[in-house]
Amino acid sequence: MDRNTEIRFYFLVGIIFYFLAISMIITGAALPKWMDIFQVTAGRAGRLFFLYYLTYVITTFSSGFLCDHFGKKPIIILSQLFLGIGFFCISTAHSFLVIELGMLIMGLGGGFCEAPMTGLISQAFNGREGFALNMSQIFFGIGAASGPFLTGYLLGIGFNWRYLYFLPSMVSIFLIFFIYFEKKLFQQEKKGITSGNILILYQRWKTFLAVSCVAMLLYVGSEIASSSWMSTYIVKGLKGNLYLGGIAMAGYWGMITIGRIVFAYLSQRNHYGKLLRILSIISLVFLFFLLMTDSIPLVILSFMGIGFGFSGIWPLVVAVVAKNIEEMQATAIGVVVALGGTGALFFPWLFGIFSDYMGLRFIFIMVVVLVVAMFFVFQSHFFKESMKT
């Protein structure tokens with residue numbers, strides 16, 4: 001692509017992933033405030049994550065096939081439409097029920113966004129998927145780090161939380177027009193895939209896809225459960241404040257961002273499977289450290305280490321899929337990302353329900369269980385063969 005098209009490509013990837021992260025992550029930072037305002041339990045508050053990922057999973061499953069059939073452009077526009085409506089709905093909410101509705105709608109937008117954008121990046125960087133996907137996720141990490149930090153800080157000084165959702169809704173409107181009038185970025189798309197092609201895809205790759213889906217489910221469940229509850233854990237479990245909760249989330253996502261830069265370059269010279277096993281071990285070490293301390297500074301440090309351990313897992317798992325499946329790549333990526341979304345759909349919500357009876361620390365004990373299971377999945381031959389040369 002020419003220089004101007006390349007600049008527009010990076011701008012589009014950056015701003016879309018930044019605000020996709022905002023839609024997923026800042027709810028965790030705002031949650032303690034909402035629990036006080038609307039007088040809801042941890043069990044019901046945790047349902048917000050379930051509602052977002054319910055529609056996210058449903059639309060992600062279909063988004064890959066829709067991209068292969070109609071092209072990525074209309075699906076990405078649809079994603080921004082739903083994200084904008086969801087953000088606006090929450091910004092005007094005067095009951096917790098309306099916030100729940102907004103999360104459902106935002107989930108639709110998130111599901112129509114992540115897999116198509118990932119497919120677009122894999123298409124543009126064919127043969128360098130591990131590097132490109134890690135680098136693209138840096139924008140997601142910046143949003144995930146800055147959003148909670150600013151949310152915690154602004155809420156701590158009395159800023160109205162509604163504006164934190166109104167601004168992203170306006171950005172989504174801008175992106176709808178930007179994408180609609182963009183032509184060059186979508187010129188090389190392959191369209192017209194049929195349901196018969198899907199059958200061939202699953203017959204040829206069903207075992208590989210199943211293992212990849214399990215790996216992604218365990219990872220996303222671990223990542224989102226940790227992110228969703230760390231602020232509440234610090235505020236309500238350790239008697240900290242919203243500002244410290246925001247710092248923890250910012251540190252966590254900041255280290256995910258730094259880690260993705262590191263592993264983007266490591267992925268060019270190292271086997272993807274080896275890097276995935278190293279990352280899971282790093283996250284386990286810091287999870288155990290987290291469970292052994294009640295000191296808020298050490299807890300924040302632990303969350304940062306967990307973030308570094310989690311950093312490259314999502315892009316590298318997707319890179320393994322993209323590297324091995326070229327035909328109907330968007331569909332394959334959509335299936336794996338959607339199955340990952342089911343981890344975010346159930347685990348944060350269920351862990352919140354159980355924490356009402358067993359304490360907030362129980363959430364991170366269960367995250368340890370998920371990461372151990374993920375490590376054993378990365379030991380399978382699908383992540384040991386020549387996925388990276």
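Helices here are DSSP runs of H or I with at least four residues, numbered from the N terminus. All the views below come from a predicted model, where local features need pLDDT of at least 70, side-chain atom pairs count only at pLDDT 80 or more, and totals for chains, interfaces and linings use all residues. Residues are numbered from 1 along each chain as its sequence is written, and side-chain values use heavy atoms, leaving out hydrogens and water.

**View 1. I77 sits in helix 3, which covers residues 72-91.** I77 counts as buried, with 18% relative accessibility (buried means under 20% relative accessible area, exposed over 50%, and partly exposed in between, using a 1.4 Å probe and protein chains only). Skip its neighbours within four places in sequence, and I77 is in contact with I176, I179 and Y180 (contact means heavy atoms within 4.5 Å). G156 is another story: I77 and G156 are 79 residues apart in sequence and 35 Å apart in space, going from C-alpha to C-alpha.

**View 2. Helix 1 (residues 3-38) packs with helix 7 (residues 163-181).** Their axes are 11 Å apart, and the angle is about 160° (axes are lines fitted to C-alpha atoms, for helices over the stretch in contact, and angles run from 0 to 180 degrees between N-to-C directions). That makes the two helices roughly antiparallel, a label for angles over 145 degrees. From helix 1, the residues making the contact include F11, I15, F19 and W34, and from helix 7 they include Y165, P168, F174 and F178. Sorted by class, this contact has 17 nonpolar residues, one polar and one charged (Ala, Val, Leu, Ile, Met, Phe, Trp, Tyr, Cys and Pro count as nonpolar, Asp, Glu, Lys and Arg as charged, and the others, Gly among them, as polar).

**View 3. T342 is tucked into the count of buried residues, at 14% relative accessibility.** You'll find T342 in helix 13, residues 329-358. With neighbours within four places in sequence set aside, T342 is in contact with V57 and L217.

**View 4. Cysteines, but zero disulfides in the structure.** A disulfide is a pair of cysteine sulfur atoms within 2.5 Å. Take C89: the closest cysteine sulfur to its own is in C113, 19 Å away, so that's too far for a bond. For C113, the closest cysteine sulfur is in C67, at 10 Å, which is too far for a bond as well. C89 is buried, with a relative accessible area of 13%, and C113 is buried too, at 0%.

Notes:
Angles under 35 degrees count as roughly parallel, over 145 as roughly antiparallel, 65 to 115 as roughly perpendicular and the rest as oblique.
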